Amino acid sequence: MDVERSAWAWSALGISALLILHFLFRPFLVRLPIAPQLLIGALLLATLRLSAGQAAALGFALGILEAAMALEGMGTYALALTVVGYTGARARDLLFADARFYVFGYLFVGTWLADIILLLLGTSPPGFLRLVAGGGIDALLTATVCASVEAFTSSISERQV
Amino acid sequence: MRYLTVGRPESQRRDLLIAAGLAILSLFIAGMSIESRLAITRVVRSTVLAPFLGAQRVFARSSDLSEQVASLTSERERLAAKVLESANLELENRQLRIIAGLPERRIGEFAVGELTAGAPEAGSSHTFLFRIGSDIELTTPAGISSPQGLVGVLRTADGGSGLGEFWTHPDFRVGVRTPDGSTTGILRPSPGAGGETLMLLDGVPYQTSIAAGTLLETSGEGGVHPPGVPVGRVIREESTRSGWSHSYLVDPIVRPGQVRMGLVWLVRPIPSSTVDSLPGNLDAAGGASTEPPPVGPDD
């Protein structure tokens, strides 16, 4: 039980760090043509350890924060991230194998799909190229950063055991 | 490391109910009035997001400080020269208005405010948050400009803050004219090459042509923007529509990303006594005309 709790605590620390980085450097990140989607990555990492209901609630809360930061899309962001949180947790329940390699794939596919949902719900048409190419590179970056954070926090908690 | 936690059927049902409830709540929020959403935004920004916004402001200030000092110095010098030039002009204008029997020139006042641009990941943002330091009650719609030129329009307001739209918003329109007043038209945003948003001047009569590089400024029609605010420069003719009017592609002077401070135009209503005393007002003089008096922000 303590091992579980320690792993959870380290993972929560990693997720919190990603969220803090996202909200702190958001104005800089959104100006870049390609950037990691730290908010979606953190949400997907949290869905690995939360129930589907909890993940949906976290997605909703992050959606409200993101919309308040972006000054638009209040409700739309909450809806998109609620769906991402719930489906992410359900997909993990149904598909996930207990191997670290899958974390990267899960983050990559999850971020890409979430990016597409967000762009489709956005205020201006994103364009096919942005959806396919830009979204894919963003997802690759996100998966790399977030999987590294997850691997780092997991290795620390395992070392403590 | 264990991630595999398949829930029991009853907890799956509970999770689904929670997610469905939150999705309905999200849709309800999305359907709320813009004032209510602004209130939620304000609460979240002043509580949970306050430390992040504070840190962002510090980063932005420190990174732009030297650039701002240089630009403010040159702007101050230009303004000082302009004030000296216009001092005589102002006096002359006042004397001529007295001779012509015209009332005092009233184009309203400006209030300075902080402008925070929204830039979400989903699509490109056209929205900004505007906040003035003083306790002036903002009214909408109100034109927002910077010393360089037109920025956008304030759409909703609550006290001294409100939400506005940059000129890049698809619904944005503004009446413009050339500085000599010979040509007028309506400007709207238009997507340019490479994803950049430019402006399109519509409705220019067929027989009128505008040279590339000509400055366009607000005409003041509609009373939202004051007259004479620079908007953009003509790049080239875009297309001929219906054979009777031109369209011109216009390079905007202000880019939304550059603006941090804005000026909101506070229109002062013209007192009815002034309107009644105007020479063209036949109603006041006992005439039968139902036409409105020829006054407005362009007055």
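Phe52(B) counts as buried, at 16% relative accessibility (buried means under 20% relative accessible area, exposed over 50%, partly exposed in between, with a 1.4 Å probe and protein chains only). This is a predicted model: local features need pLDDT of at least 70, side-chain atom pairs count only at pLDDT 80 or more, and totals for chains, interfaces and linings use all residues. Residues are numbered from 1 along each chain as its sequence is written, chains are lettered from A in the order in which they are written, and side-chain values use heavy atoms, without hydrogens and water.

**Aromatic pairs**

- Over all chains, the count is 4 aromatic pairs (rings of Phe, Tyr and Trp, the last by its six-membered ring, with centres within 6.5 Å; planes under 30 degrees apart are stacked, over 60 edge-to-face, the rest tilted).
- Phe23(A) and Phe52(B) form a tilted pair, 5.7 Å centre to centre with 45° between the planes.
- Phe23(A) lies in helix α1 of chain A and Phe52(B) in helix α3 (residues 50-100) of chain B, so this pair joins two chains (helices, H or I of at least four residues, and strands, E of at least two, are DSSP runs numbered from the N terminus).
- Phe23(A) is buried too, at 3% relative accessibility.
- Phe128(B) and Phe166(B) form another tilted pair, with 4.8 Å between centres and 50° between planes.
- Phe128(B) sits in strand β2 and Phe166(B) in strand β5 of chain B, so the pair ties together parts 38 residues apart in sequence.
- Phe128(B) is buried at 0% relative accessible area, and Phe166(B) at 1%.

**Where chains A and B meet**

- Chain A gives 49 residues to the contact and chain B gives 46 (contact means heavy atoms within 4.5 Å).
- About 4,100 Å² is buried between the two chains, 63% of it from carbon and sulfur atoms (the accessible area, 1.4 Å probe, lost on being put together, summed over both parts).
- In chain A, Phe60(A), Leu71(A) and Met74(A) lose the most area to chain B, together 16% of what that side buries.
- Between the chains there are 0 salt bridges (a side-chain nitrogen of Lys or Arg within 4 Å of a carboxyl oxygen of Asp or Glu).
- There are 6 residue pairs in polar contact between the chains, both residues at pLDDT 80 or more (N or O atoms within 3.5 Å; within protein, one able to donate a hydrogen and the other to accept it, and residues adjacent in sequence count only if both atoms are side-chain atoms).
- Helix α3(A) gives the largest share of chain A's side, 11 residues.

**A buried Asp**

- Asp115(A) is in helix α5 of chain A and is buried, at 2% relative accessibility.
- Its side chain makes a polar contact with the side chain of Gln37(A), at 3.1 Å.
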